[in-house]
Amino acid sequence: MQALRVSQALIRSFSSTARNRFQNRVREKQKLFQEDNDIPLYLKGGIVDNILYRVTMTLCLGGTVYSLYSLGWASFPRN
């Protein structure tokens with residue numbers, strides 16, 4: 001009997017009324033990404049995209065410099 005009450009509560013919580021909390025923002029995002037304002041596509045999402053882009057570039061450049069340093073250090077023989 002307790003399992004039946006729990007299952008009914010779960011069904012009510014996931015009913016169609018619970019889905020109305022989220023709005024469909026596809027049209028807003030389409031307008032944002034399709035307008036011609038000379039901003040690269042990977043930066044049109046705002047400040048979060050800008051931060052992610054800069055962190056990614058920093059990590060890539062840091063990794064490249066470190067790998068070149070490691071190759072240079074490994075290319076000289078030890079005495």
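Guide: The side chain of Lys44 reaches the backbone oxygen of Phe33 at 3.2 Å, and that of Glu35 at 2.7 Å. Both are polar contacts, meaning a pair of N or O atoms within 3.5 Å; within protein, one must be able to donate a hydrogen and the other to accept it, and residues adjacent in sequence count only if both atoms are side-chain atoms. This is a predicted model, in which local features need pLDDT of at least 70 and side-chain atom pairs count only at pLDDT 80 or more, while totals for chains, interfaces and linings use all residues. Residues are numbered from 1 along each chain as its sequence is written, and side-chain values use heavy atoms, with hydrogens and water left out.

Lys44 sits in the loop between α2 (26-34) and α3 (47-75). Helices here are DSSP runs of H or I with at least four residues, strands are runs of E with at least two, and both are numbered from the N terminus. The protein chain has three helices and zero strands, in the order α-α-α.

Lys44 is buried, a label for residues under 20% relative accessible area; exposed means over 50%, and partly exposed is in between (1.4 Å probe, protein chains only). Of the 79 residues of the protein chain, 3% count as buried.

Leaving out residues up to four places away in sequence, Lys44 touches Leu32, Phe33, Glu35, Asn37, Ile39 and Asp49. Touching means heavy atoms within 4.5 Å.

Gln34, in helix α2, is 10 residues from Lys44 in sequence and 9.6 Å from it in space, C-alpha to C-alpha. Gln34 is exposed, at 65% relative accessible area.

The loop between α2 and α3 also holds Asp38, which is exposed at 75% relative accessibility. Asp38 has a positive phi of about 60 degrees although it is not a glycine. Most residues other than glycine have a negative phi.

Conventions:
Lys, Arg positive; Asp, Glu negative; His and termini not counted. Salt bridge = Lys/Arg side-chain N within 4 Å of Asp/Glu carboxyl O.
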